[in-house]
Every structure is written in C-alpha cells, then in structure tokens.
Amino acid sequence: MLSNQSQRSPPGTGSLHPTNIPFLQNVLSNTQFLHATVDTQFIDENQELFNLKPTQNRAQKLLHYLGHVMVNGPTTPLPVKAKPSAIDPVVPPVSMGDPPLGFRDVLLRDGPEGFAKAVRAHKGLLLMDTTFRDAHQSLLATRVRTHDLKKISPFVSHNFNNLYSLENWGGATFDVAMRFLSECPWKRLQEMRALIPNVPFQMLLRGANAVGYTNYPDNAVFKFCEVAKENGMDVFRVFDSLNYLPNMLLGMEAAGAAGGVVEAAISYTGDVADPARQKYSLDYYMKLADELVRAGTHVLCIKDMAGLLKPESSKMLIGALRDRFPDMPIHVHTHDTAGAGVAAMLACAEAGADVVDVAVDSMAGMTSQPSMGAMVACAKGTKLDTGIPLEKVYDYSEYWEVARGLYAPFDCTATMKSGNADVYENEIPGGQYTNLHFQAHSMGLGHKFKQVKKSYTEANKLLGDLIKTKAGIILG
C-alpha cells in the first residue's frame, strides 16, 4: 500500500519522483510508524512524508563513469606538452617488380596444415614483426594511422618476405581506428593486403570476445572471422585473458571455419623455474597445451604479455613443449619491459621454438617487443640464422624512428624513460604498464607510480594471482 500511495504527487508539485525510495525513507523514520500506531489515514495525516530529499545516487554515478571509461577510455588530459614532429619519414628505396615469394604463398598453395608443416620444417629461426600492431599499441597508444603503415608496406613486402607473419590487426587497433583515428579498420586491412601480398597477416582474437570487450553471440564471432579472412587476414592468434578454455575453443573454431591458420595462445604468468610459484607451474601449461593441441590448433603459442619469461624458464617451458609435441610449430610472444627479452627469446629458440616476436629496433624495447636487429644479429651465422639482411633492418628502423616523432604526444617516452625489472614482481603487462604510467602522470600521481605498482601487486594477490593481460587497454 505504501509503495502505491507514494507514487502520487506531493501537494502542489504536479510531478512524480523517479523512485519511491525517498518517500519510504521518510516513512521508516516517522515516529508514528516506528511505534506501530498508524491507521489507514496515516499518509493523509502526514503530508511531510512528501518532503522528499534529493539523493546523490553515488552508486549509479560510479557505474556510469566506469562504463564510460571502459568503452571510451579515460578522459584525463595528456600529461605532456610534446608536439608532433614536423619531419616526415623518408621511405627507403623499393625494388621494381613483384615482391619475392613468402610464407603466404605457401599458405595459399597448401592451406593451414601445409603452412604449419612448412613452418616446422624451416631451418633457422622465423620472426613475426609486431611493428604494425603490438609495438605501437605498447609505445604509442595504438595511434599509428593507416597512412604511415601503407607508406612502408611495399618495402616490407620486398625485403622481409621470409617473415613468418606481420601482426597488423586485432587487439585494440580495431576500435582505436574507429573511435580515435576516424578510420575504417576493414579498409586498413584491404589496403595493406594489396601492398603486401606475400607475407601472412596475423591478428589477435580475444576468443569469444572477438576484438571487443564482452562476450559476443557465437554467430557474430564466426561471421567476424569469416569477413576478416575474406579481407586478407591469414593467422588468427586466439587467446583468453584467463586461459578460459571454452572461450578459446570458440575462437579457434571460428577462425578454423573461416579457413584461417589457428594459433592458440596460452597466456603466461608467474615463473615456471621458481618452485615457490605453484599456481602456474609447468604442469599447468602442459595440460593447457594438451587441450589446445587436441582441439586442432595449427600452431601453439606462448603469450607472455608482461615479459616474465627469463632464459631459464624459457628453456624449461619451451623444451617441455617441444618434447611433448615434436611436430607442432611453437611461437613465442613477449615484451621487453625488464630488458631481458632478447636473451629470453634466444633461449626459447635454442629450446625448440620455431617463431619469436620482434619489433623493428626504433619501435622495440621497453614495453614493446625485443629488437628485430638484435635478434637477427645474434642469430646470424648460427643454426638459428633468420636470413634477414641487417642492412634492410637498419633502413626499416630509420623510417620508423622518424615516423614515431609524428606521434610524440602519445609516446610513452614522454613520461617513461626506461624499462624496469620490477615487472618480475608486479607482473604488469606491457601496454598496460605504459598506459598506467601515462595515466598516473595525467592525474598528478607520476611521483607515486611506485606506490601505484605496489597497489597493483597487492590487488593481484587479493584476487588470487590472476593471469595478467593487456587486452583492450587504450588511452582516451
């Protein structure tokens, strides 16, 4: 009765309150009501019940704010006054004629299974170049335009034809292209495909989340992969931020049904070489790998988003996987936050990894991937020789060194001057580390970043030691 009565307007107001909560609060604090002496005339005789106090509704406001930040990114001001460089990068000379054959030609001829066999049979270490995606997502807040990617694409096609793949799509690039760059991500894919016909393209697919931040209907994920394949995508790296198998299996099935190469990725955290770290032990990763291989992945990936792999743990993990799956191509992804990325990737290669991720030198290091030039130089003349000419890496790096200046307002080096080995303690993923640092400065907390990282570590322990991934972390 009280709830229904309260919907009528207070005398003289002529309007309804959005809810009856303030009215009920007045009723519950009324002396007559508290002493249970009310009758059917209670409301008529107590018109002060309609003196409704406005509420602040803090909980709803907080939820609205969190939703806004999740979708649109934080609105904190940029903490730096850096201006874009006025110098345009010079594209190095490109040979005339068609580019040489590459692994995409193998894929088109022999299909995903034949491609995987060719990768496994390849002599020497193969590289995936992340410069077109994860490198600039980690260092430049994903802001690199299609215009600057297209300019250097013919050079890559002609001089890096023996790359395993070029990572250029997925992750945060899809929504950043639409929300901040006013570009069409599909058009980016189409235009780059026309310029690089010989190197496989690789994307990051968040399992059942596709390239978004929530679970989508199965048919939407399947259709997305189908259209991505039609527009030029080749290799689908499928992962889930918590290694939740059902989400991964859906993404794998969708990518496979589209005709793509399925690269199932296990998100790595902890330290398999540390006997005190039992939650993410070697056995944990081996059991996950068993499930993914059984599900039909073409390539098995270890995705080390915080850059936690050390040489010893690299040898243990990759060595065990190679022994268990002698015919399965193994691909390793890491970040160089602590500065040990090259050493870790060389250890992975020595233990049997077929492919490791790198970024061109001027877009490498810190929260990005290990240096392409360093990996090429270290492997040269050994059984791991990549076959990539170092002088071409230098030309490629020079282009990106100048191009990076165009994005100075978003460059992590505006606030972050080096990598930091404390990542082995806080385990913050590469791009998340960069953006967290940038945002701390934006809110005037740059001098307290050590405390921010400590709080991150404590929160992780309180939540049960989660796998740490950076999916969807972008700057607004």
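This is a predicted model: local features need pLDDT of at least 70, side-chain atom pairs count only at pLDDT 80 or more; totals for chains, interfaces and linings use all residues.
User: Which residue in β4 is the bridge partner of Gln202?

Analyst: Strand β3 (residues 201–205) runs parallel to β4, and four bridges join the two. Within β4, the bridge partner of Gln202 is Val235.

User: Through which helix does the chain cross from β4 to β5?

Analyst: Strand β5 covers residues 261–267 and is joined to β4 by four bridges, the two strands running parallel. Across this pairing, Arg237 stands opposite Glu263. The β-α-β crossover from β4 to β5 is right-handed, and the helix through which the chain passes, at residues 245–257, is α12.

User: What is the angle between the planes of Trp169 and Phe224?

Analyst: A search of the whole structure finds 17 aromatic pairs, and Trp169 with Phe224 is a stacked one, with 5.8 Å from centre to centre. The pair links distant parts of the chain, since Trp169 belongs to strand β2 (residues 165–170) and Phe224 to helix α11, 55 residues apart. Because planes under 30 degrees apart count as stacked, the class follows from the angle between the planes, which is 10°.

User: Is Trp169 buried or exposed?

Analyst: Trp169 forms one aromatic cluster with Phe174, Trp186 and Phe224, and of these Phe224 has a relative accessible area of 11%, so this residue is buried. Trp169 has a relative accessibility of 1%, and because the cut-off is under 20%, Trp169 counts as buried.

User: Why is the pair of Tyr284 and Tyr285 classed as it is?

Analyst: Tyr284 is partly exposed, with a relative accessible area of 22%, whereas Tyr285 is buried at 0%. Their ring centres lie 5.0 Å apart. Because the planes stand at 85° and angles over 60 degrees fall in this class, the pair is edge-to-face.

User: Which residue has its ring under the charged end of Lys310?

Analyst: Elsewhere, Arg193 lies over the face of Phe201, at 3.7 Å from the ring centre. For Lys310, the charged end sits 4.8 Å from the centre of a ring, and that ring belongs to Tyr424.

Methods: Residues are numbered from 1 along each chain as its sequence is written. Side-chain values use heavy atoms; hydrogens and water are left out. Two strands pair if DSSP finds at least two bridges between them. A crossover is right-handed if, with the strands pointing away from the viewer, the path from the first strand over the helix to the second runs clockwise. Rings of Phe, Tyr and Trp (its six-membered ring) pair if their centres lie within 6.5 Å; planes under 30 degrees apart count as stacked, over 60 as edge-to-face and the rest as tilted. Buried means under 20% relative accessible area, exposed over 50%, partly exposed in between (1.4 Å probe, protein chains only). A charge sits over a ring if NZ of Lys or CZ of Arg is within 6 Å of the ring centre and within 35 degrees of the ring normal.
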